[in-house]
Every structure is written in structure tokens, then in C-alpha cells.
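Please look over the sequence and the structure shown below before reading on. The report that follows goes through some of the packing, pairing and charge contacts, one topic at a time.

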Amino acid sequence: MNNSSSATYDLVIIGGGAAAFAAATKANDLGRTSLMVNSGLPIGGTCVNVGCMPSKNLLTVGDELYYGQKPRFKALQNGHKPDFDFAAAIAEKDEIVASARQSNYINVVDSLENVTYLEGRARFTSPDRIEVNEREVIRGGKFMIASGSSTKPLSIEGMNKVTWHSNRTIMDLENVPESLAIVGAGPEGLEFAQMFAHFGTTVTVIVAKGHTVLRREEPEVVDEILRSLQAEGIRFLMDVTIDKVEDRSGVKVLTIRGEDREEELAAQELLLASGIQANIADLGLESAGVKTDQRGFIHVDENYQTANVDVYAAGDCIGRMPLETVAAKEGSLAAENALTGSRKSINYDHVPHAVFTNPQVASVGLTEGEQMRRINACACRTIYMDSIPKADVIKETRGVFKMVIHPESSQILGVHIVAPDAADLIHEATLAVKFGLTIDDIIDTLHVFPTLSEGIKRVAQAFTRDISVMSCCVE
């Protein structure tokens, strides 16, 4: 890995995650010099170290453990519970992370001849200079902030006196907790809820007053995933307030108040998953003339430029769509804009996103509510998994497909899925939304039979026929 040897670069990048790497790669492709200054998480940032990769590994371990005990087929009369070594699961997760960090980040930065990597804390001292580790002064023609985000603490009485976990620490536990309370029911909260429930933990998810489960998803999607998770024993406390948190001999006790009840919830471990905050403390943004918005994220225009025309920002620290893929795309576009003067940005309506529970949740494009807000009209159809032949064949009928189209042109504007492998199924819908396909384009496209991907075709057909009285392969 290169060491910093020059005090001046075409692009200075603060961060070492997806947005930073995409920016450095773009600068390298353009033949420009760049410096990445990283602190906090190891090289690679959230996704490889404490996010996507380790959590999906452990979710799969949990699935293998749990569903083997609950066979769906009559031929498999007795489930099998394998010996489970939690410490071995964590160790294997760490090995996978270390390997991915080496191959996808350390080796990559070493291969980029115009990129220098430096470990250290960066701080702006002027609009065109940063100081690293309070001693090395570095100047840049352009700057990009890609400092990421972290779990937002909660202002609850006693919270500062108890030990709580974030995604950065919950996957490093030494033992499976007997009980786990999770504050927040977004993607992160639901994934960890099911992961630990499958490991054998008693899990309670707390949804604060004024909040919902998966707040960006369609009501039908929320109802279906909630039903699926509750069927596996995960408890949800909805529309409640946490008055205080106490530590009683190592047990976290939450005093919870609802509209018509009050209870004390005791849990061995406590996970906060109710929101994120930008990692911008001590960056010296004032010295750089960089402003933040009312939520505390870095304010940028549609092309990722801050109030300082020479400073750009991308990824979680701008708070638009905190996904690894989005961070990488934003980072690449921001670097290109900074170095070439282009004015590129993402169409966020075309970005697919997923929740890796089982069944999975995946969505792209507009919801019914958003379409109503934009054009005050909507055409939508919803079908359930039990109407799809493959689902009956494999006896997996948890799921739903919803499609949102333009009421006049029949152009597909949004697709929302709960299904096994929904995160893979969503890409046909993503292409349909991105390229303005209509329901006729989908209906006219032959799909392999039997597959769950037929759900996308069947929900399109639901606009033109009664699919409840339709043979398997009617076009």
C-alpha cells in the first residue's frame, strides 16, 4: 500500500469505504492523482467490515440452522437440529471479512498507480487544505468527503449508563444472548432480529411512536414481512415510547409505555437500529465552508457539490440513500464532476434496494403513495405468492408482488416484492422501471416455468385479466 509522499493531489478523499474507493478509482481512470485518508473503520468501510457482507453471512448461517428444524414437506417428518457453534460462526465471518477486505480493497488500492492511501484522521484547516493526525498538511485541487455514517444514539433517560450495541459490535458477541431488544424496525433492525431469533435468542423489536416497520415500503409488503417474522416468534411492540433504560445486574431493563399499557422489558442485550448520523464530527467543515442540512448531513446540490465549489461529498454522509451501491455510484459521479466539470447524478427512482430477511423484501421505483403525491392518480395491482405455481410446488407461499404503473401509458413505475430471493428477482423490475417498459412488454416476454420470477409477469397480467382463473402459462 502506498504511503503519502506528496502534499498536493488533484483529489483528496476523506474516507475509505465504497464512495471513497469509487471516487479514487474514477480519478485513477481519468489519470489524476488522488489521496484517500481513512480513519475509524478499517479500509473498506461499513459494507465489508460491519455491514452487508458479515451480516448476510450470519443471516445465511441462521437460515441453515433454523429452517432445517422446520421442514415444509410431508416426506421430511422430523426436522434436524445441527450442533451450533456460535463462536465458530463469528470466527468464520471474520475470516470472510478479512479475505474480502484484502481482495476487494487492499489489493485494489495497491493496483491503482495514481492513488495514495493514508490512515489517519483528517481535518480541514482552510477551504483547500486538510491536516492529517494534527501534523501533516495536505493540499488538494478538489476534495471529496466520504466519511460515512454510524448509529445515531437515542436521547433516552439512562441510555448513557448502559451498554448497547450497534451494527459495529453486535456481530462480535462471544455468546448467543438469551434475549435481545432491538430499537428500530428498518432493514437493519429486521435483519438482526431474524438472525438472532434463528440462533435461538428471544427477540423483541420496539417500534417507537410515530414510526413504522420498513417505513419506505408498501403497506402490503410491511404486512407480509411482519406476519412472516411474527410467525417465527419475533415479538413487535408497536407505537410505544421508551421512558428509560436501566442496567440491573447486567440485564437491560426498558420501561416501555403504550397508549393503554406500560411494561418493563428485560433483555440481556440491547441493539440500537433506529437511525444513522453522518460521521462529520471534528472534520473542520466550518473551515472549509461546507454546510450541513437540518438533519445533520452534509448539504450537497444534485451533482454532489457542497457550498464550497471545490468540495464534494457522497455516500452515507449526505443522507440520501444509505446503500453501498448508491454510495459507490455517488462517489464515482462526484469525482468525475469534480475533476472534469461534468454535472452527473443518480436517478434515485431507479435504485433497487432490499432487506435480507427470509423471505426477502425488495423494491424499486415509486410506491402507490408517492405516485399519488406526484400525479394524484395511480394504477396498482397486488398478488400473493400462493397464486404462483412455483410457490405451490416448493411449498413456500410467504410473499407478495405489487406493481405500480402509470394509469394512462401503462408504464411500470414501481415494483415491490416479498419473496425468497426477492433481492435477485428485483432486477427484472429495475430494468423495466429504468427503461420505461410497460406491462405489455413484461407480459410479452417469456419467463421460465416454473420460477418465482413469474410473479413479476403475473402481477403485470393482473392489470389485464383475472389471474385466479388462468392456466399456468397463458400469455
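Helices (H or I, at least four residues) and strands (E, at least two) are DSSP runs, numbered from the N terminus. Contact means heavy atoms within 4.5 Å, while axes are lines fitted to C-alpha atoms, for helices over the stretch in contact, with angles between N-to-C directions running from 0 to 180 degrees.

This is a predicted model, in which local features need pLDDT of at least 70 and side-chain atom pairs count only at pLDDT 80 or more, whereas totals for chains, interfaces and linings use all residues. Residues are numbered from 1 along each chain as its sequence is written, and side-chain values use heavy atoms, with hydrogens and water left out.

Strand 17 (residues 360–365) and strand 20 (residues 412–419) run antiparallel and are joined by six bridges, and Ser-363 has His-416 in strand 20 as its bridge partner.

Where does Met-403 lie, and is Met-403 buried or exposed? Met-403 belongs to strand 19, and it is buried because its relative accessible area is 0%, where buried means under 20%, exposed over 50% and partly exposed in between (1.4 Å probe, protein chains only). Leaving aside residues up to four places away in sequence, Met-403 touches several residues, among them Ala-379, Cys-380, Ile-412, Val-415, Ile-456, Val-459 and Phe-463. Between Met-403 and Glu-368 there are 35 residues of separation in sequence and 8.8 Å in space, C-alpha to C-alpha.

Another open sheet has six strands in the order 12-11-10-9-8-13, and its pairing is mixed. Strand 12 (262–267) and strand 13 (269–272) are the edge strands, each pairing on one side only. The twist averages 35° from one strand to the next.

Strand 11 (residues 251–257) and strand 12 run antiparallel and are joined by six bridges. Leu-254 stands opposite Leu-265 in strand 12.

## Helix 3 against helix 4

Two packed helices are described by the angle between their axes and the distance between the axes. For helix 3 (residues 52–67) and helix 4 (residues 86–111), the axes come within 9 Å and cross at roughly 145°. The crossing is right-handed, a term for a near helix turned clockwise from the far one by less than a right angle, with anticlockwise giving left-handed.

In this contact, Met-53, Pro-54, Asn-57, Leu-58 and Val-61 of helix 3 meet Ala-89, Ile-90, Lys-93, Ile-96, Val-97 and Ala-100 of helix 4. By class, the contact of helix 3 with helix 4 has nine nonpolar, one polar and one charged residues, where Ala, Val, Leu, Ile, Met, Phe, Trp, Tyr, Cys and Pro count as nonpolar, Asp, Glu, Lys and Arg as charged, and the others, Gly among them, as polar.

## Salt bridges

A search of the whole structure finds 25 salt bridges, each being a side-chain nitrogen of Lys or Arg within 4 Å of a carboxyl oxygen of Asp or Glu. Lys-93 forms one with Asp-94 (2.8 Å, N to O); Lys-93 is buried at a relative accessible area of 4%, whereas Asp-94 is partly exposed at 36%.

Arg-248 forms a salt bridge with Glu-264, with the closest N and O atoms 3.0 Å apart. This pair links distant parts of the chain, Arg-248 being in strand 10 (residues 235–248) and Glu-264 in strand 12, 16 residues apart. Asp-301 and Arg-343 also meet in a salt bridge (3.7 Å, N to O), and Glu-218, Glu-220, Glu-368 and Lys-402 are linked in a network of salt bridges.

Note on methods:
Pairing = 2+ DSSP bridges.
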